[in-house]
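Here is a short note for someone opening this model for the first time. Please read the points with the structure in view.

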Amino acid sequence: MDSRASLALTQPQRVSEDLIVRARDMLASARRIVVLTGAGISAESGVPTFRGAGGLWKEFRPEQLATPEAFAADPQLVWEWYRWRRKLVSDCRPNAAHYALARLALERGGMRIVTQNVDELHTTAARELAGAGDPAPAIPLELHGSIFRSRCTRCGTRASGQPASSESQLPVCEACGGSLRPDVVWFGEMLDSAILDEAMDHARQADICLVIGTSAVVHPAAGLASMTAAHGGSIIEVNPERTPLTGAADISIRATAAATIPAITGAAS
Ligand code: APR
């Protein structure tokens, strides 16, 4: 699978059927698939992306909100921002792309979803589709954590859900009384090495890395697709815009996730 194709069209309905069929055939015949998702997959659920038009980093400064230094300087402000985002994301539902990926992961073996997103929408889709069954094959590796979890800055204990505190008080750990922080990876911080190692293993072993809705500028996440390619696998990219990965992609579909993923995973047929 060495022929490279991309389509510089921004209208999803103008993406050639040929490109969709080729991507679908590649996915259907792959032994192992790794899927890397970014904020763009949740855009059609109403979750704002970070970069680009309407992106959060246009309105807010990352160094004031998403760094350990920002939290040390003004934890109240940082918590306020995360409470706002939790509320915003709580009102959002998975879209057709989340469901199509979850369905594919539950129905076939040999697929792992790796996400940079902290919105838990892949997990919601997995649980809903699995019903009484096991959602595990469709639960993603969360490279950047989750805004719905907190972590103690002293003892490391994790807690799910809204930390028990009023808006004016900083949340504290039930185990040791230390101060809680959002369980996300901020700029300048290391990723959880066990999660990253597992993601890299999947990337190296995959025949295909399907990259959806990421600007591919934040590392190490952005390097996962190159690992697949370096081990002889192919890259399929779905993004309305070009990214630094586009040139390396075997197929680049310039369209939105919800319009494309059901079609290339066979969920729409
Ligand atoms: N479908 C697919 N892709 C889309 C859609 C859509 N409907 N809408 C936008 N996109 C694409 C944009 O073109 C862009 O390339 O999604 C990408 C979003 O990029 P970013 O906002 O940079 O998000 P992401 O790549 O996930 O950011 C990486 O940066 O701020 C940190 O930790 C944060 O995990 C985040 C990381």
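1. Start with threonine 214. Leaving aside residues up to four places away in sequence, threonine 214 touches Gly38, Gln116, Asn239 and Thr243. Contact means heavy atoms within 4.5 Å. Threonine 214 sits in the loop between β8 (208-212) and α9 (224-230).

2. The model is predicted: local features need pLDDT of at least 70, side-chain atom pairs count only at pLDDT 80 or more, and totals for chains, interfaces and linings use all residues. Residues are numbered from 1 along each chain as its sequence is written, and side-chain values use heavy atoms, with hydrogens and water left out.

3. Is threonine 214 buried or exposed? Threonine 214 counts as buried, because its relative accessibility is 7% (buried is under 20% relative accessible area, exposed over 50%, partly exposed in between, with a 1.4 Å probe and protein chains only). A polar atom of its side chain lies 3.1 Å from the backbone nitrogen of alanine 216.

4. Next, a helix pair. The axes of α6 (residues 96-107) and α7 (residues 121-130) come within 9 Å and cross at roughly 55°. The crossing is right-handed. Residues of α6 including Leu101, Ala102 and Leu106 meet residues of α7, among them Leu121, Ala125 and Leu129. By class, the contact of α6 with α7 has nine nonpolar, two polar and two charged residues.

5. Now α1 (residues 17-29) and α10 (residues 257-264). Their axes come within 8 Å and cross at roughly 55°. Ile20, Ala23, Arg24 and Leu27 in α1 meet Thr260, Ala263 and Ile264 in α10. This contact divides into five nonpolar, one polar and one charged.

Terms used: Axes fitted to C-alpha atoms, helices over the stretch in contact; angles between N-to-C directions. Helix = DSSP H or I, 4+ residues; strand = E, 2+ residues; numbered from the N terminus. Left-handed = near helix turned anticlockwise from the far one by under 90°. Nonpolar A, V, L, I, M, F, W, Y, C, P; charged D, E, K, R; others polar. Polar contact = N/O pair within 3.5 Å; in protein donor to acceptor, adjacent residues only side chain to side chain.
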